[in-house]
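Q: I'm new to this structure and would like a close look at one part of it. Could you walk me through it and then show me what lies around it?

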Amino acid sequence: MLTELNRILGLAQKLGAEYADARYVSITQQPVSVSTDGAPQLSVSKSVGLGLRVLVDGAWGFSATPYLDPRSLEKTADEAVKIAYASALCKKGDGVSLEPLNPKRARWHTPCKVDPLGVKPEDKIEFLTDVIESAKKVPGVFRATASIMSYREEKEFMSTDGRQVEQTIVHSGGSVSVMARGDGGVQSRSFADYAGGGFEFVESLDLKTKAETLAGEAVSLLKAPACPQGVTDVVMGGSMVALQIHESCGHPIELDRVVGQEATFAGTSFLTPDKKGSFRYGSPCVNIVADATAPGGLGSFGYDDEGIEARRAEIVREGIFTDYLTSRELAPLFDQESNGTMRAVGWENIPLIRMTNINLEPGDWTLDEIIKDTKEGIFVDTPKSWSLDDKRLNFHFGQEIAYEIKDGSLGRMLKNPAYTGMTPEFWNSCDAVAGEDEWRIWGTPGCAKGEPVQVINVGHGAAPARFRKVKAGVGA
Amino acid sequence: MIGKDDALKVLEKVLSFCKNSEASVTLTASDLSLTRYYDNHIHQNLRRHNETLTVRVVKGKSTGIATTNLLDDGSLRWAVQSAQENMEVSGEEEDFPGLPKPEPIGAVNGYVPATANLKPRDRAEACAVVIGAAKAKGLQASGTYSSVVTELAVASSTGVRAYNVSTEAFFRTIIQNGDNTGYADRLTRDVREIDAGSVAEEALARATMYPEAIDLPPGRYDTIFEEYALADLIRFLGMLAFGADAKQQGRSFMARRMGEKVMGDNVTIWDDGLDPASLAVPFDEEGMPKKKVVFIEDGVAKGVVYDSRTAAKDGVKSTGHAAARRGARFGPRPSHMFLKPGDSTRDQMVRSTKRGLLVTRFHYTHCPEPMNVVATGTTRDGTFLIEDGRIAARVKNLRFTESMIEAFSRIEAISKTARITRDWWSTFDSVLPCVKIQDFSFTGSTMF
């Protein structure tokens with residue numbers, strides 16, 4: 001499609017664009033699920049098209065089309081430029097100025113052993129049926145569902161400043177959820193993880209063993225007491241830490257939120273520019289990086305949708321907030337270079353600053369050591385609900401399961417756990433992070449942002465961690 | 001725009017490709033234009049056109065699904081073949097009732113040419129009105145102005161043929177006055193009903209009144225909810241409790257308490273996809289006509305919405321609430337909810353409040369306990385303390401955590417007027433009055 005991209009960029013320039021970039025994207029997805037509730041569900045989808053972004057008179061315009069014939073390309077270029085002229089009616093000062101880039105050609109492919117879309121659907125169904133059978137063995141299970149997601153994105157990018165990038169991005173993942181129903185209501189347990197990579201990742205998840213464990217927990221939760229309200233120490237499993245990073249670090253470090261570009265919907269950020277380099281975001285054991293190069297990360301790629309190389313950026317160093325996620329437009333406003341985080345979902349959306357893999361670096365504890373070191377508290381795992389204010393300060397997270405911790409040992413199982421707090425206080429109360437053996441990058445496939453909403457895949461490296469004196473309980 | 005004839009032609013062609021199997025085909029075409037602004041200038045501005053065709057093939061009790069966004073013959077044949085391959089390996093679903101048969105569909109006139117023809121310059125000029133109003137007060141405006149033309153067409157081998165085209169325009173703004181913000185929006189079929197000046201005025205009033213925000217301790221307060229805020233609260237009932245699948249699986253309070261008094265006498269909630277006060281659409285993605293469904297009548301649990309699959313299970317007819325493209329496991333959902341208005345006004349509610357709160361809207365609400373519909377979220381864009389029947393101060397934002405079943409049992413007053421309102425997530429549009437709820441539970445506070 002490089003010919004079409006070249007053609008539409010030329011059209012845009014002829015119509016007055018001082019800068020333009022175009023993306024051709026073809027996405028194939030195959031979700032497969034098996035449930036105790038009916039036959040396996042199998043579908044495949046393809047979405048193909050081209051998006052053109054232009055700068056005219058310092059103002060942005062964007063148009064997208066699934067049709068690549070010459071007439072459609074002309075119409076799309078004309079529309080994008082007209083939209084940009086309209087934007088220029090309300091521009092700020094001289095308008096947008098982009099960080100300069102040198103011309104470059106590049107290719108990138110997600111490292112992948114087994115093409116997930118090459119695995120026969122019947123084999124995926126058999127795989128998932130085994131998982132479900134494992135859950136069904138547990139008496140009291142009402143419903144179990146297991147699924148596999150396979151995703152391939154072919155993307156070609158070209159810009160008028162000479163960047164030309166071809167990428168193939170492959171994502172795979174699996175999940176299992178189990179529901180138990182009884183006098184105490186309904187309780188669910190689940191596990192899900194996704195990665196940049198092939199079907200080998202799905203096989204590595206050992207969903208079959210997990211399904212039986214989750215089923216036992218779901219049934220036990222029906223008779224478990226509710227998590228009490230009160231201030232206590234909270235030890236979190238890795239999947240919960242991953243979501244906490246996502247919501248209370250990943251979003252507030254997006255520079256477009258900081259300047260107010262997302263004020264109407266997703267909100268802004270408490271991490272205002274005056275805090276960069278000096279604000280104590282967390283305790284000294286909190287080290288966070290944005291790493292789009294992390295092997296296997298669901299937020300890994302070769303180049304962002306402005307043609308910038310993927311990279312690793314330090315975000316929080318020993319508790320001090322050091323940097324944002326940036327773009328070619330916003331980074332220069334703060335005397336910085338873009339750290340390559342502009343991504344669009346599909347061909348039909350504009351790129352936005354998005355999380356890559358936002359990772360809490362491993363500490364030097366083990367989960368066992370953390371629990372043994374905790375006199376009184378709760379261990380919580382698996383996110384069930386999440387809610388934050390529009391600056392990402394006040395948060396409330398619910399989990400699927402918790403256990404009491406008393407005198408260094410896990411005690412009773414607790415249902416409907418939750419905790420709430422304020423972001424900087426919370427991260428400053430972190431005093432233990434587990435080490436590399438228990439650290440992994442959790443794939444988070446549902447990050448929503450922008451208008452129209454774009455739901456993108458990101459990753460979060462996390463290990464179990466402890467937070468002191470947290471308000472726990474749903475109504476806390 | 002594809003148009004009715006061409007859309008149905010595409011669907012007929014797909015059906016003709018489905019040899020030796022039954023099939024249902026859904027085509028959605030969306031032509032979206034959207035302008036966003038912040039800090040008093042436009043920063044994002046786009047148009048996109050896309051089509052999504054989903055074919056579901058059926059043989060006996062086996063089904064397979066495939067989706068494409070290209071409508072050329074090669075892509076349509078690929079979709080049919082892929083769906084058939086999926087069907088061959090998917091096995092039989094014992095409870096599958098077969099594809100629904102056609103039923104008469106009501107008429108809805110939801111297309112307004114003025115909205116479909118809205119130009120980028122028109123949107124920019126409307127944004128400029130709000131920006132100008134903010135600048136005049138030394139404040140910053142952010143917002144969005146979108147217009148969309150949506151076509152939905154459904155055809156099946158059982159004879160279903162349905163087509164609808166509709167328009168929608170949404171204009172909203174937040175005016176920033178330091179940490180104080182004020183919000184206003186308009187959602188309508190007809191862009192001519194949007195008056196940017198009145199949107200600016202409403203948001204400016206909220207942003208500028210009582211500039212010194214005070215800390216208020218969490219606790220229970222008699223609280224008045226603007227329509228914007230109520231849209232978030234009522235959404236949880238729709239998402240978690242008013243679908244047949246949640247009832248059938250025992251995941252909702254409606255499973256245990258159908259026919260019982262579950263909310264206050266003054267609460268009647270229904271769904272009506274044919275009522276022009278909503279963004280009405282006359283049929284669902286299975287091509288089944290929308291029917292009015294009453295969920296709660298005078299506080300009593302009455303009913304849930306169905307698609308063809310869940311309807312067959314309960315031995316009833318579909319109410320026209322399928323989300324077929326998302327797969328049978330997503331289940332039916334309400335899409336045009338209404339809360340019955342009362343006899344009060346917002347001003348009367350304020351005057352009747354000794355000490356309480358007025359909440360404009362919420363941010364990022366979620367549900368930690370679905371069975372009891374316990375929701376949580378934080379207020380934003382204008383939260384005010386009421387004392388002795390008057391708005392007395394701006395309050396720093398608060399977090400609520402409250403069961404919606406219990407909250408809707410304590411509604412003290414409901415306004416006599418209602419308007420179409422969108423929730424924060426932009427996933428639910430409902431026609432709502434504003435309400436006053438006694439002793440609403442706020443469990444946390446923020447710093448702004």
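Which residue takes a positive phi just after α2(B)?

A: That residue is B:G91, with a phi of about 80°. Keep in mind that you're looking at a predicted model. Confidence in chain B comes out at an average pLDDT of 96, and 99% of the residues score at least 70. For the model as a whole, the scores are ipTM 0.96 and pTM 0.97.

Helix α2 of chain B covers residues 73–90, which makes 18 residues. From its first C-alpha to its last it reaches 25 Å, close to the 26 Å expected at 1.5 Å a residue.

Next, look at which parts of the helix are tucked away. The buried residues of α2(B) are B:L76, B:A79, B:V80, B:S82, B:A83, B:Q84, B:N86, B:M87 and B:S90.

Between the two chains, 66 residues of chain A are in contact with 74 residues of chain B. On chain A's side, strand β2 (residues 41–56) gives the most, with nine residues. That side of chain A divides into 27 nonpolar, 25 polar and 14 charged residues.

Back in chain B, the domain assignment gives domain 1 (4–198) and domain 2 (212–448). Their C-alpha centres lie 24 Å apart, and the contact takes 31 residues from domain 1 and 31 residues from domain 2. On the domain 1 side, the elements supplying at least two residues each are β1 (22–38), β2, β4 (140–156), β5 (161–177) and β6 (180–188) of chain B. The largest share, six residues, comes from β5(B). By type, that side of domain 1 splits into 14 nonpolar, eleven polar and six charged residues.

Chain A also has two assigned domains, domain 1 (2–223) and domain 2 (230–472). Here the C-alpha centres lie 21 Å apart, and the contact takes 40 residues from domain 1 and 32 residues from domain 2. On the domain 1 side, β7(A) gives the most, with eight residues. The residues on that side are 18 nonpolar, 14 polar and eight charged.

Strand β7 of chain A (residues 185–196) is worth a last stop. Ten of its twelve residues are buried, so the strand is largely enclosed by the rest of the structure. Twelve bridges join β7(A) to strand β6 (residues 163–182) of chain A, and the two run antiparallel. There, A:S177 stands opposite A:S190 in β7(A).

Note on methods:
Residues are numbered from 1 along each chain as its sequence is written. Chains are lettered from A and ligands numbered from 1 in the order in which they are written. This is a predicted model: local features need pLDDT of at least 70, side-chain atom pairs count only at pLDDT 80 or more; totals for chains, interfaces and linings use all residues. Two residues are in contact if their C-beta atoms, placed from the backbone, lie within 7 Å. Helices (H or I, at least four residues) and strands (E, at least two) are DSSP runs, numbered from the N terminus. Ala, Val, Leu, Ile, Met, Phe, Trp, Tyr, Cys and Pro count as nonpolar, Asp, Glu, Lys and Arg as charged, and the others, Gly among them, as polar. Domain bounds come from an automatic or database domain assignment. pLDDT is the predictor's confidence in each residue, from 0 to 100. A residue is buried if 20 or more other C-beta atoms lie within 10 Å of its own, exposed if 12 or fewer, and partly exposed in between; C-beta atoms are placed from the backbone. Two strands pair if DSSP finds at least two bridges between them. The expected span of a helix is 1.5 Å times one less than its number of residues.
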